[in-house]
Amino acid sequence: MIPAEPTLIDFVDPATVPALSTRTMSEGDSPGGARYVHINYPELATAPALNRALRAQIQRQLQDFRRRTQDGGVYPRPELNVTWQLAAASSQAIGVRLRTGEYLGASWGNSTRTLWFDPRKGKAVGSTGLLAGQDALRRLAELVREQLKGRGEQVERDEVTADGGQLDSMAFNRSGDLVVEFDDCQIGPCSLGRLAVAVPADEATPLLSDLGRQAQESVRGATGRGVRDHDEESGPPYYVRSTPHDVSASSPPAASNRAGTVDCAKARCVALTFDDGPGPFTGRLLDVLREAQARATFFPVGSSAAVQTGLLRRMSSEGHLIGNHSWVHRDLSKQASSKVADSLGRTEDMIAAAIGQAPTLVRPPYGAVSGELRDIALQKGFAVVTWDVDAGDQEGGKPADITDRVVRAAHPGAIILMHDIHRGTVDAVLDILKRLRGKGYRFVTVPELYGSAGMQAGRLYRSGSEPSRKQPLT
């Protein structure tokens, strides 16, 4: 048997963690924006200090990215994408690994930072908090340099020091070894990709703090943890896939259980669409839609939806339609075909496993459509959906302003872009429904706009009233 790669980390399936929700920050859907940003991070009701530490870290990263890309003209649509995994989640220790991807015009650069929380003390620390002081940190730096000796002359081992800031992402593998990860380009050429070492447990354990030993114990030999999976960009373990790939192949196409109750050839129809969720306000949005007997189309991000599959089931059972918005909301037009196919495929599988239906619509993040995406959509049976009415709620906003923009721009056949991750958006929906209903509008899912003509794989659909809506991309 070939031994497992020791730097692989088994992440915890977040769907198994009680009181866990997600928060999302994004910008870039509206035309003319200077940058693309999508940040997703966890929030645990039982760990307020960890929540504060995560928010502070995210804010620092976002401010730094905005500063470096502030003129908007240096890079072609620079992009910041932050996702997360749980390196541990127990009554002894919680570890959150933030994975950051940046695109600055040439290729993606990736970095990681892991924060740890001690539930017993209610305290959040960085990865060096796993160690018992500065002497232990210095000794760990020595051990890491030793581990790097066999990695080739390109690796700058001497850059690894106790005070250099390189030891900011550490976790444990199932054997109890301490895995130390480095950012792309941090201690060697960017072409090396991910660099990580695993310090054996017998060498690492004497260096650990109380929290470090608790974290090690919670991970070592743990059962019921998520399977290892690859990263969307450069190959390290990335996320839990709880269902086998292609589970969607045996699932029927997703459809609203109320489709056909409105004839949009005769009625004034609009399609409300909600991107980037589920979020903390999605449940309340579903309450509003149910009370108003209106249905919508949801385009959830796969990694967020996997945490709250119960909301997907509720969407489906209440007559809404669920589409595919990729796994982590990176601009698919910057990705190789294999990456695009994997991102859409894993999201499709997760949704199919949750609701028993496979999505047939894909909305590319930021509305960025490429030839590769079109080809993959055709192969996988997806129609590509963007929008022709933007609620302008990308960074939140006042409910009254959001309502006014939607009502003013709405027209028969409109596909309206909104985001259920924002409180202001959800607060606006009831007034939007009332005012548009007063103008005679009916609220349907996207395919219902097209009636018996249907929607075809590989075609781009921006509006139900667009004469050339079924023509291939050119």
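The structure is a predicted model.

**The chain as a whole**

The chain contains 11 helices and 18 strands. Of its 474 residues, 56% are buried. Its accessible surface is about 18,800 Å², and carbon and sulfur atoms account for 47% of that area. Among contacts between residues at least 6 apart in sequence, 71% link residues at least 24 apart.

**Two helix pairs**

Two packed helices are described by the angle between their axes and the distance between the axes. The table gives these values for two pairs.

| Helix pair | Angle between axes | Distance between axes |
|---|---|---|
| α10 (residues 399-409) and α11 (residues 423-438) | roughly 40° | within 8 Å |
| α5 (residues 282-291) and α7 (residues 309-317) | about 10° | 11 Å |

The axes of α10 and α11 cross at roughly 40°, which makes α10 oblique to α11. This crossing of α10 and α11 is right-handed. On the α10 side, the contact is made by P399, I402, T403, D404, V406 and V407. On the α11 side, G424, T425, D427, A428, D431, I432, R435 and L436 take part. Sorted by class, the contact of α10 with α11 has 7 nonpolar, 3 polar and 4 charged residues.

The axes of α5 and α7 lie at an angle of about 10°. Angles under 35 degrees count as roughly parallel, so α5 is roughly parallel to α7. Here T282, G283, L286, D287 and R290 of α5 meet L311, R314 and M315 of α7. The contact of α5 with α7 divides into 3 nonpolar, 2 polar and 3 charged residues.

Most residues other than glycine have a negative phi, and most peptide bonds are trans. The sites below depart from these patterns.

The loop between β10 (268-275) and α5 holds P278. The peptide bond joining G277 and P278 is cis, with omega about -5°. D276 is also in the loop between β10 and α5. Although D276 is not a glycine, its phi is positive, about 80°. Is D276 buried or exposed? D276 counts as buried because its relative accessibility is 0%.

Y366 is found in the loop between β13 (361-362) and α9 (371-380). Y366 is not a glycine, yet it has a positive phi of about 65°. With a relative accessibility of 5%, Y366 counts as buried, because buried means under 20%.

Methods
Residues are numbered from 1 along each chain as its sequence is written. This is a predicted model: local features need pLDDT of at least 70, side-chain atom pairs count only at pLDDT 80 or more; totals for chains, interfaces and linings use all residues. Side-chain values use heavy atoms; hydrogens and water are left out. Axes are lines fitted to C-alpha atoms, for helices over the stretch in contact, and angles run from 0 to 180 degrees between N-to-C directions. Helices (H or I, at least four residues) and strands (E, at least two) are DSSP runs, numbered from the N terminus. Angles under 35 degrees count as roughly parallel, over 145 as roughly antiparallel, 65 to 115 as roughly perpendicular and the rest as oblique. A crossing is left-handed if the near helix is turned anticlockwise from the far one by less than a right angle, and right-handed if clockwise. Contact means heavy atoms within 4.5 Å. Ala, Val, Leu, Ile, Met, Phe, Trp, Tyr, Cys and Pro count as nonpolar, Asp, Glu, Lys and Arg as charged, and the others, Gly among them, as polar. Buried means under 20% relative accessible area, exposed over 50%, partly exposed in between (1.4 Å probe, protein chains only). Accessible areas come from the Shrake-Rupley method with a 1.4 Å probe; for residues, only the protein chains shown count as cover.
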